[in-house]
Amino acid sequence: MPRLTHQQWQALAARQIFEGRAFIDGAYVAAVDGKTFATVNPANKQPLADIAECGTADVERAVAAARAAFEDGRWSGLAPLQRKTVLLKFAELIREHADELALLETLDTGKPISDALGVDVAGTAYCVQWFAEAIDKVGGEVPPLAPNLHGTVTREPIGVVAAVVPWNFPLLMASWKFAPALAAGNSLLLKPSEKSPLTAIRIAALAQQAGIPDGVFNVLPGAGETGRLLALHRDVDCLAFTGSTAVGKKIMACAAESNLKRVWLELGGKSPNIVLDDCPDVAQAARAAAGGIFFNQGEMCSAGSRVLVQRGVYAEFMAELKQAAEGYRPGDPLNPATGMGAIVDELQYRRVLDYIEIGKQEAKLAFGGHAVHTDTGYYIAPTAFETTPDTRIAREEIFGPVCAVIPFDSADEAIAIANDSDYGLAAAVWTRDVSRAHLLARRLRAGTVWINCYDEGGDQNLPFGGYKQSGNGRDKSLHALEKYTELKSTLLKLSC
Ligand code: NAP
Ligand code: MG
């Protein structure tokens, strides 16, 4: 729970000093050509800081530093126990600086401070701790071979890893990539979104303070060019991305054009949340559905943006959903009582408002449907439309607090609607019949299926990622290590 009051957070914000430089080879540095861009607080439209805009020269320096660090083994060559010790210290430092990191996240993205503390920063520290604790427990295999052969199957760090991460959970999504990548012994180039670079820049110093050697953890902010430079670089071995499907496709093309670097994509979604007539508790399902689409201003890849409701409970569900949405009234993100903050920037705000206008043309508005506090910042009221599966608002990822509610008659129809999407990130089913729940879960083409809940499972043990155009590979869990390692078979012929 937040320990500070609204006034205390405001006072901290007024005193906050922002670091905007890149972090390369163990030091904060301006971009070589001196270029900067501004990052803006969407809650009041005020610029926060000038940020280094890394270009070719900066990328070259950072890749060379990361490669040198990898080759000389200052991190990659440590015993897993040693990397674990440093990463546990890193997790501790993140916790010690929780207030500052949460404040930066809230100012940069507009998300409520309570969420920044309780979800983003807490989840980041937990993720770093989890991979630290795991890395000296996982070993290789000794496969069963012919009597005159001895073989091992081992995992080795892949080398130089670039992580291009999004603005919706800037630090948390970064940690889902850098924690396993660093634990496995790689060198890292972290490229935050131009909408939210502040926390990535700040934690570079904490990584260094924890003992991560120079050159191993580099942060390269950019705005329009840096990501592509990394994706095209021939000395980057792996690029892990979270963001839109459109950019994911470009990254694959860049890899194909350059060195066939490993590409891991965690992309968009249009996740179906299916409420059946025998749902155990309609009010609870509606509260979870509201959280599934209005939490974090709806800026979530796993947002339950398609709510499929069986006709027998439809009227009751809609009434409960409207009531639950009251808990997400947009307000000042620095107020610990605020349930919904501001949309991340003007571009995304306009994009969401455009979709709301499209929704008004093609569907029936149930509630919301407008901007609020327009003289202050980029706020949008929680919005729901009642619609059919074929509309644009029911098919396209909006990435805002806009929910498409679709009535249906049978479970088979619900599954057909749910799977009729280019995406396959997450899904949920609400029923009191356990067998039915499992049978339906099996039929859903999604990387995560929740039963009688939505978006539960901050637990690191659960892999997270998508089917179809929601991406490939998995963040979280031991499976994440597969992305940042190469598998080596070593075979020895015994003389016997
Ligand atoms: P985006 O377009 O998907 O990604 C922007 C990021 O990708 C920037 O960091 C950019 O860096 C980098 N990038 C662009 N082209 C690249 C390339 N060829 N190679 C490597 N990196 C490249 O995100 P957005 O513009 O912020 O958001 C647009 C939409 O994406 C949203 O409306 C939402 O639908 C979706 N989105 C999804 C998620 C998710 O969690 N799945 C998160 C955020 C957004 P440079 O500009 O420096 O090159
Ligand atoms: Mg910002």
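This is a predicted model: local features need pLDDT of at least 70, side-chain atom pairs count only at pLDDT 80 or more; totals for chains, interfaces and linings use all residues.
Let me begin with strand S19, where five of the five residues are buried, so the strand is largely enclosed by the rest of the structure. Which residues point which way from S19? Ala426, Ala428 and Trp430 point one way, while Ala427 and Val429 point the other way, and all are buried. That arrangement can be set beside the general rule that in a regular strand the side chains alternate between the two faces of the sheet.

Now to the partners of S19. Strand S11, residues 272-275, runs parallel to S19 and is joined to it by three bridges, with Asn273 having Ala428 as its bridge partner in S19. With S20, S19 again pairs in the parallel sense, here over four bridges, and Val429 has Ile451 in S20 as its bridge partner.

Stepping back to the sheet as a whole, seven strands form an open sheet with mixed pairing, in the order S13-S16-S17-S12-S11-S19-S20. Strand S13, at 364-367, and strand S20, at 448-451, stand at the edges with a single partner strand each, so one side of each is left without a neighbour in the sheet. Neighbouring strands of this sheet are turned against each other by 25° on average, direction ignored. Helix H15, residues 434-443, packs on the sheet and touches strand S12 (306-310), strand S19 (426-430) and S20, and the direction of H15 makes about 160° with that of S20. Elsewhere in the sheet, strand S16 (residues 383-386) and strand S17 (residues 402-408) pair in the parallel sense over four bridges, and Ala384 stands opposite Cys403 in S17.

Let me turn to helix H4. Its twelve residues should span 16 Å at 1.5 Å a residue, and the end C-alpha atoms are 16 Å apart, which agrees. H4 is mostly covered, with ten of its twelve residues buried, among them Leu104, Leu107 and Asp108. After H4 comes Gly110, whose phi is positive, near 85°.

How do the axes of H4 and H5 cross, and within what distance do they come? The axes of H4 (residues 98-109) and H5 (residues 113-135) come within 9 Å and cross at roughly 120°, and H4 passes H5 in a right-handed crossing. Residues of H4 including Ala98, Leu101 and Glu105 meet residues of H5 including Ile113, Leu117 and Asp120. By class, this contact has eight nonpolar, one polar and three charged residues.

Notes
Residues are numbered from 1 along each chain as its sequence is written. Chains are lettered from A and ligands numbered from 1 in the order in which they are written. Side-chain values use heavy atoms; hydrogens and water are left out. Axes are lines fitted to C-alpha atoms, for helices over the stretch in contact, and angles run from 0 to 180 degrees between N-to-C directions. Helices (H or I, at least four residues) and strands (E, at least two) are DSSP runs, numbered from the N terminus. A crossing is left-handed if the near helix is turned anticlockwise from the far one by less than a right angle, and right-handed if clockwise. Contact means heavy atoms within 4.5 Å. Ala, Val, Leu, Ile, Met, Phe, Trp, Tyr, Cys and Pro count as nonpolar, Asp, Glu, Lys and Arg as charged, and the others, Gly among them, as polar. Two strands pair if DSSP finds at least two bridges between them. The expected span of a helix is 1.5 Å times one less than its number of residues. Buried means under 20% relative accessible area, exposed over 50%, partly exposed in between (1.4 Å probe, protein chains only).
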